[in-house]
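Morning, everyone. I'll take aromatic pairs first, then a sheet. Please have the model open.

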Amino acid sequence: MNKIWLSFVAIAALSWPAWGQKVEVQKRDRGQIHHVQTALNHLTVLEMTEPVSMVAAGSPVFKVEWRENKVFIQPTEPNVATNLFVWTASGRFNYELDPAGSVPQMDFAIDQTVADPPAVALSVNRSGKPSDPSPTEVFIEAKPVRLYGPIQEKNRVVVYLTDLLDHDGQVFVRYTIRNHTKKVYVPGAPQVVALKTPSYRESLYPLSNSQLSPDAAARLNCTGETSIEVAKSEIRSSRIEPGQETTGIVAIKLPAPHTKPTVLRLVFLADAKGPINVTLVL
């Protein structure tokens, strides 16, 4: 953690004028996704009721640091939204960081209340059985996807897998697409294939829940590919301008039973330099 930066933002939080900004109170509800409004050159502070053990943001555009029970958020570019997870001893809390806006509309600070409301039961359909969870409900219990190997972003459209959950025969995957080219990119819905008998220079088991970089994926061996059904696909924006990014969710229906490690390849529409393939180890 950058101690110098933390010292700077801690002092800034006390010295900047609070005119126009909002100080919100957030209920400790782990079943909700809380929106956070930010502004360029300004700091937003999340104050939790417990010490923070870890944070994870979906985009480096937002500078996020933490100390004790406080999380410091500062956007570095406009027109970018992403998600943020904060872990404490009570579990994970979920946030959506909205694009940096005007100072009067920003959240100056968000304080967490002590009371924890009871969990909300799943809705019931006409058959009396629990309905399928929405992508938002599913990602409350999602696991982060690790990146194995570097990805070259210059003049490319790149895809980062951020979260996944294996739920009732389906894998829900959340991803971020960043357009580092000078042309508009239209991603479309990804196609998914599973690699037959995949092998690697090392065991794939330690790479579970990992996205392989293009160089690492190129060293994979397999005997073929099998098409996998995409049960659902949603994306925030169907058109990504140069320098912009968006997020999406895809629900993949795995054959039953499936063995681990399973290696999936998500295929997005090509950019100017060719197909965009993303390799996921389950």
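One cut-off before we start: a residue is buried when its relative accessible area is under 20%. Keep in mind that this is a predicted model.

Take Y175. Its relative accessibility is 0%, so Y175 counts as buried. F268 comes out at 3%, so F268 is buried too.

Now the rings. A pair of aromatic rings is described by the distance of the centres and the angle of the planes. How many aromatic pairs are there? The count is 3. One of them is Y175 with F268: the centres are 5.2 Å apart and the planes stand at 70°, so this pair is edge-to-face. It links distant parts of the chain. Y175 is in strand β13, residues 170-179, and F268 is in strand β18, residues 263-271.

Next, F85 and W87. Here the ring centres are 6.0 Å apart with the planes at 50°, so the pair is tilted. Both F85 and W87 are buried. F85 has a further contact: the charged end of R92 sits over its ring, 4.8 Å from the centre.

Strand β12, residues 157-167, pairs with β13 in the antiparallel sense, over 10 bridges. Within that pairing, L164 stands opposite V173 of β13.

That's my part. Thanks.

Key:
Residues numbered from 1 in each chain as written. Predicted model: local features only at pLDDT ≥ 70, side-chain atom pairs only at ≥ 80, totals over all residues. Heavy atoms only, no water. Phe/Tyr/Trp six-rings, centres within 6.5 Å; stacked < 30°, edge-to-face > 60°. Buried < 20%, exposed > 50% of the residue type's maximum accessible area, 1.4 Å probe, protein only. Helix = DSSP H or I, 4+ residues; strand = E, 2+ residues; numbered from the N terminus. Lys NZ or Arg CZ within 6 Å of the ring centre and 35° of its normal. Pairing = 2+ DSSP bridges.
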